[in-house]
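User: I'm new to this one and would like to learn how to read it. Could you walk me through it, feature by feature?

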Amino acid sequence: MFNKRLKENNDINLTQLTIPAFGYELVRETLLKDILGKDYKSILYWGGKNLARKHPLETIQEIIDFFESAGLGTLKVTKENKNEMIFELTSDLITNRFARDSEYSYQLEAGFLAEQLQNIMGNEAETMEQQKKKLNTIIFTVQWE
């Protein structure tokens, strides 16, 4: 019980910290690209799925809150039907990436969404990423059987 409470207190403290985006970008977009090479995008997708397994969520609202808390951006559902959900992700960092014309992959977020929706819906799920530069938005289409 104590270890769980200690972890929760540490998690709360981490959500209250802010760091320069430059450091985050250095690790995610420079170091990881160099280390992972040509498999960068597929490993990020797998990594996102793995993160979702370590942080299982039960509702769409919890996923939205997680994205905000993790500094991934503001996530919202734009369309939903029987076998598909479409999400829109925005943030100042995404806007900045588009302004810098930097090639950026959102496969970490895509994998995270795929795994979370797979658990919530109870069916195998896959996420496709689409970047909308003019709208400074990332569109994630999650589909399941």
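User: Let's start simple. What share of the 145 residues in the protein is buried?

Analyst: Before the answer, a word on the model: it is predicted, so local features need pLDDT of at least 70 and side-chain atom pairs count only at pLDDT 80 or more, while totals for chains, interfaces and linings use all residues. Residues are numbered from 1 along each chain as its sequence is written, and side-chain values use heavy atoms, with hydrogens and water left out. Now the idea: a residue is buried under 20% relative accessible area, exposed over 50%, and partly exposed in between (1.4 Å probe, protein chains only). Here, buried residues make up 36% of the 145.

User: And how many helices and strands does the protein have?

Analyst: Helices (H or I, at least four residues) and strands (E, at least two) are DSSP runs, numbered from the N terminus. This protein has 6 helices and 4 strands. Along the sequence they come in the order α-α-α-α-β-β-α-α-β-β.

User: Which strands does β2 pair with?

Analyst: Two strands count as paired if DSSP finds at least two bridges between them. Strand β1 (residues 74-81) is joined to β2 by 7 bridges, and the two run antiparallel. They form a hairpin, with 2 residues between them. To find your place in that pairing, look for Lys 79, which stands opposite Ile 86 in β2. β2 also has 6 bridges to strand β4 (residues 137-144), again antiparallel. There, Met 85 faces Val 142 in β4.

User: Is β2 (residues 84-90) mostly covered or mostly open?

Analyst: Mostly covered: 5 of its 7 residues are buried.

User: What about charges? How many salt bridges does a search of the whole structure find?

Analyst: The general idea is that side chains of opposite charge can pair when their charged atoms come close. The cut-off used is a side-chain nitrogen of Lys or Arg within 4 Å of a carboxyl oxygen of Asp or Glu. The search finds 9 of them. One of these joins the side chains of Arg 28 and Glu 109, at 2.7 Å from N to O. Arg 28 sits in helix α2 (residues 21-36) and Glu 109 in helix α6 (residues 107-121), so the pair ties together parts that are 81 residues apart in sequence.

User: Are Arg 28 and Glu 109 buried or exposed?

Analyst: Arg 28 is buried, at 4% relative accessible area, and Glu 109 is buried too, at 3%.

User: Which residue forms a salt bridge with Glu 88?

Analyst: That's Lys 76, with the closest N and O atoms 3.6 Å apart. Glu 88 is partly exposed at 21%, and Lys 76 is partly exposed at 45%.

User: And which residue does Asp 101 pair with?

Analyst: Asp 101 forms a salt bridge with Lys 133, the closest N and O atoms being 2.1 Å apart. Asp 101 is in the loop between α5 (92-99) and α6, Lys 133 in the loop between β3 (125-132) and β4, and they are 32 residues apart. Asp 101 is exposed at 57%, whereas Lys 133 is partly exposed at 44%. Also, salt bridges that share partners join Glu 25, Arg 97 and Arg 100 into one network.

User: Now the inside. Which residues touch the most other members of the largest nonpolar core?

Analyst: A nonpolar core is a set of buried Ala, Val, Leu, Ile, Met, Phe, Trp, Tyr and Cys residues joined through side-chain atoms within 4.5 Å. The largest one here has 26 residues, and those touching the most other members are Ile 63, Phe 67, Leu 75, Phe 87, Leu 113, Leu 117 and Phe 140. Two or more residues each come from α3 (40-54), α4 (60-69), β2, α5, α6 and β4. α6 gives the most, with 5 residues.

User: What does Leu 117 touch?

Analyst: Contact means heavy atoms within 4.5 Å. Leaving out residues up to four places away in sequence, Leu 117 touches Ile 60, Ile 63, Met 85, Phe 87, Gly 122, Val 142 and Trp 144.
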